[in-house]
Amino acid sequence: MVWLSRCCFRKHANFVDHLRVYVKGGSGGMGLPRLGGQGGDGGDVWVVASKDLTLKSIKDRHPEKRFMAGVGDNSTVRALKGKKGSDCEILAPPGITVTNDNGKVLGMLNAVGDKVRLARGGQGGAFHSDFLPSKGQVRHVRLDLKLIADLGLVGFPNAGKSTLLSAISHAKPEIGSYPFTTLKPEIGKVMYDDHKQVSVADLPGLIEGAHMNRGMGHKFLKHVERTKQLLFVVDVCGFQLASNTPFRSAFQAVQLLTKELELYNEELLSKPAILVVNKMDLPEAGEKLDELTHQLENQEDFCHLLPEDMVPSHFLSFRHTVPVSASTGCGLSLLQQLLRQSLEEQDAEATERQRHHKLCELRKAVRPTPNPVGPKWGLSYQA
Ligand SMILES: Nc1nc2c(ncn2[C@@H]2O[C@H](COP(=O)(O)OP(=O)(O)OP(=O)(O)O)[C@@H](O)[C@H]2O)c(=O)[nH]1
Ligand SMILES: [Mg+2]
């Protein structure tokens, strides 16, 4: 057991999903009062989204986590306008949200090439500043990585999320018969015959109380914030974390997971969700599935099966409920098909919403303005 936890710690420590860094813009260069020369502005510090990078690689390369841009050149007789200081660029993976120490979001990196300024360089000395330069901005900022995937796996430990991901994609996450096998998020790509790809993020299992920081779920819940849809996975025969914790049926698992998401961030539940009922190869799975289906069709009637404070405010209605066995592969091709279909439907809905929105804007723009009724202010003023 000691070996296990040490081993877990080592692997966990390998994954970095946030970094607090010190950034300093370059100072401006001196102006030249005698000839009215203007000093160069200091360089800026930027974070730029690039391919194949991790926050860990930044941490390893810059253990001191300090980034400073170059100072602007002074104005000289030969170059009255001083050169701008060199910018400093921190290359980071896409999916980064930048916040300051007060939690204010300064920007996001959604795609390769996106950039956010972390610290502005000082202005070069010029006439208006008595030819004295200003210093660059200095602050600490936090780079928070939230995985960008089409679907995020949500489930209790041992539900078979990693087994499922390894069966439908090329990802090779660790699988184990003990809870908390997965310690860091991992993305797998589901490939289709026409080369279309759907990305699925495997996340560490949630436990009850995850929203209050119990287990590791909370730390990783942020990763589902950026996925387009949720992929719930439950063990058809239910789950028990330990001998001193209650047994939870598949229905209870669905509701408790819903409640954990709701308590963490209610907005997560506005995402389309698909339910995977796993381990259909187990004996009694058929009966359990029938029971679950009946309970999901009449969710309100089965609230009493949950602790009072864990009844979700709104019951989730899943776009699809798909029984599978990640171990034997049964049901997986249908699941793959439905994942794609569901994402395509969501895209189509978004396009339709956009089209409708544009149409409304256009209608507003071309609508003739009604003839003013009542006093004509301009005329009466003249009169
Ligand atoms: N019988 C059966 N066992 C399964 C199936 N899928 C997964 N398992 C087993 O369930 C156990 C847990 O599987 P994992 O894929 O590691 O579960 P997980 O949800 O990723 O667990 P965590 O990473 O701890 O959250 C392993 O022993 C798997 O072999 C299935 O379809 N049928
Ligand atoms: Mg796992």
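Me: Why do the side chains go to two sides?
Reply: In a regular strand they alternate between the two faces of the sheet.

Me: Before I go on, what kind of model is this?
Reply: A predicted one: local features need pLDDT of at least 70 and side-chain atom pairs count only at pLDDT 80 or more, while totals for chains, interfaces and linings use all residues. Residues are numbered from 1 along each chain as its sequence is written, with chains lettered from A and ligands numbered from 1 in the order in which they are written.

Me: OK, which strands does β9 pair with?
Reply: Two bridges join β9 to β11 (residues 197–202), and four join β9 to β12 (residues 229–235). Both pairings are parallel. Strands count as paired if DSSP finds at least two bridges between them. G152 has A201 in β11 as its bridge partner, and V154 stands opposite F232 in β12.

Me: New topic: helix α5, how many of its residues are buried?
Reply: 13 of 15, so α5 (residues 250–264) is mostly covered.

Me: What should α7 span?
Reply: At 1.5 Å a residue, α7 (residues 332–366) should span 51 Å, and its end C-alpha atoms are 51 Å apart, which agrees. The expected span is 1.5 Å times one less than the number of residues.

Me: Where are the domains?
Reply: Domain 1 is 15–145 and domain 2 is 151–344, with bounds from an automatic or database domain assignment. Their C-alpha centres lie 42 Å apart.

Me: Last one: what surrounds ligand 1?
Reply: 24 residues, the closest being G160, S162, T163, T182 and G205. A residue is near the ligand if its C-beta atom, placed from the backbone, lies within 6 Å of it. Helix α3 (residues 161–168) gives the most to this shell, with three residues.

Definitions and conventions:
A residue is buried if 20 or more other C-beta atoms lie within 10 Å of its own, exposed if 12 or fewer, and partly exposed in between; C-beta atoms are placed from the backbone.
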